[in-house]
Amino acid sequence: PSFVPVGVAYTMLGASATSVLCASLNKALSQPQWTWSFNVVALTSILRMKPLEAVAETPATDVAATSLSNSVGVMDFVASPLVGISQIFVVDSALTGAGIIGSIGMYSPKLGVHALGGSTLGCLVGLLFGADTSDVIYGLWGYNSALASMAVGTFFVHSREAIALSAGSAAASAALFGALQPVFGSLGAPCLTLPFCAVTSACYLLDGQVPGLRLAKEPHSPEKNA
């Protein structure tokens, strides 16, 4: 299609801008950058294009709503944490999520548990909050929580307190996603990974503030952090 070259050009421009912003934030922040640069650059474009605005304006028929309700089964909810993992890369696939978990597990089995556990907690929070069923089974409530749990597992020394923080960060990220989603949705855009960035930044500040919570000197994985 004719728009493909333009899209590729915009992507390359955004990637370049992200690199520049990363370099600036690296000097300004006293903690890891997480995905702040990605959010700033991506939202600058997305808020202008408003991709979700067109979806919201599309009328949903009773037939379509009934079809979705009938097609949702228990296995869809069981698979939702894996779909949430895949949504980190904007993919809607439990199989892809399983592959990602397997790859993380090869690097660090415990980090894989953090990822899957975080996504699972995020999906459960979505259900408890009465979120739209489709949002839960499509993994939208899971990816921020998975990222937050993995960040805690990567940067903190493994302990019972770190595990509790991992679970808490997952729940908090999901709750913040639930708060930001309608706000950004009204602007025709997703909130991307802003919940993950905000919650993980707060978690990072807990170093030494809570007994048992300590940042690793050389962050690597739960198995090797000391």
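This is a predicted model: local features need pLDDT of at least 70, side-chain atom pairs count only at pLDDT 80 or more; totals for chains, interfaces and linings use all residues.

User: Where does G73 lie?

Analyst: G73 lies in the loop between α4 (62-71) and α5 (74-86), where helices (H or I, at least four residues) and strands (E, at least two) are DSSP runs numbered from the N terminus. Residues are numbered from 1 along each chain as its sequence is written.

User: Is G73 buried, exposed or partly exposed?

Analyst: With a relative accessibility of 29%, G73 counts as partly exposed; buried means under 20% relative accessible area, exposed means over 50%, and partly exposed is in between, using a 1.4 Å probe and protein chains only.

User: New topic: how many aromatic pairs are there?

Analyst: The count comes to seven aromatic pairs, under a rule in which rings of Phe, Tyr and Trp (its six-membered ring) pair if their centres lie within 6.5 Å, with planes under 30 degrees apart counted as stacked, over 60 as edge-to-face and the rest as tilted. One of them joins F129 and W141, whose ring centres are 6.2 Å apart and whose planes are at 90 degrees, so this pair is edge-to-face.

User: Which parts does the pair of F129 and W141 tie together?

Analyst: F129 is in the loop between α7 (109-128) and α8 (133-137), and W141 is in the loop between α8 and α9 (143-155), so the pair ties together parts that are 12 residues apart in sequence. F129 is exposed, at a relative accessible area of 52%, whereas W141 is buried, at 5%.

User: And what about F155 and Y204?

Analyst: F155 and Y204 also form an edge-to-face pair, with 6.2 Å from centre to centre and 75 degrees between the planes. Since F155 is in helix α9 and Y204 in helix α11 (residues 194-204), that pair ties together parts that are 49 residues apart in sequence.

User: What lines the largest cavity?

Analyst: Its lining consists of W34, A151, V152, F155, F156, T200, C203 and Y204, and the elements that give two or more residues to that lining are α9 and α11. A cavity here is a set of points, on a 1 Å grid over the protein atoms alone, where a 1.4 Å probe fits but cannot get out, and lining residues have an atom within 4 Å of a point. The largest cavity has a volume of about 30 Å³, which is the space filled by probe spheres set on the points, with grid points joined across faces, edges and corners.

User: How much of α9 is buried?

Analyst: In α9, 13 of the 13 residues are buried, so this helix is largely enclosed by the rest of the structure.

Conventions
Side-chain values use heavy atoms; hydrogens and water are left out. On a 1 Å grid over the protein atoms alone, a cavity is a set of points where a 1.4 Å probe fits but cannot get out, and a pocket is an open set with protein on both sides within 12 Å along at least five of seven lines; lining residues have an atom within 4 Å of a point.
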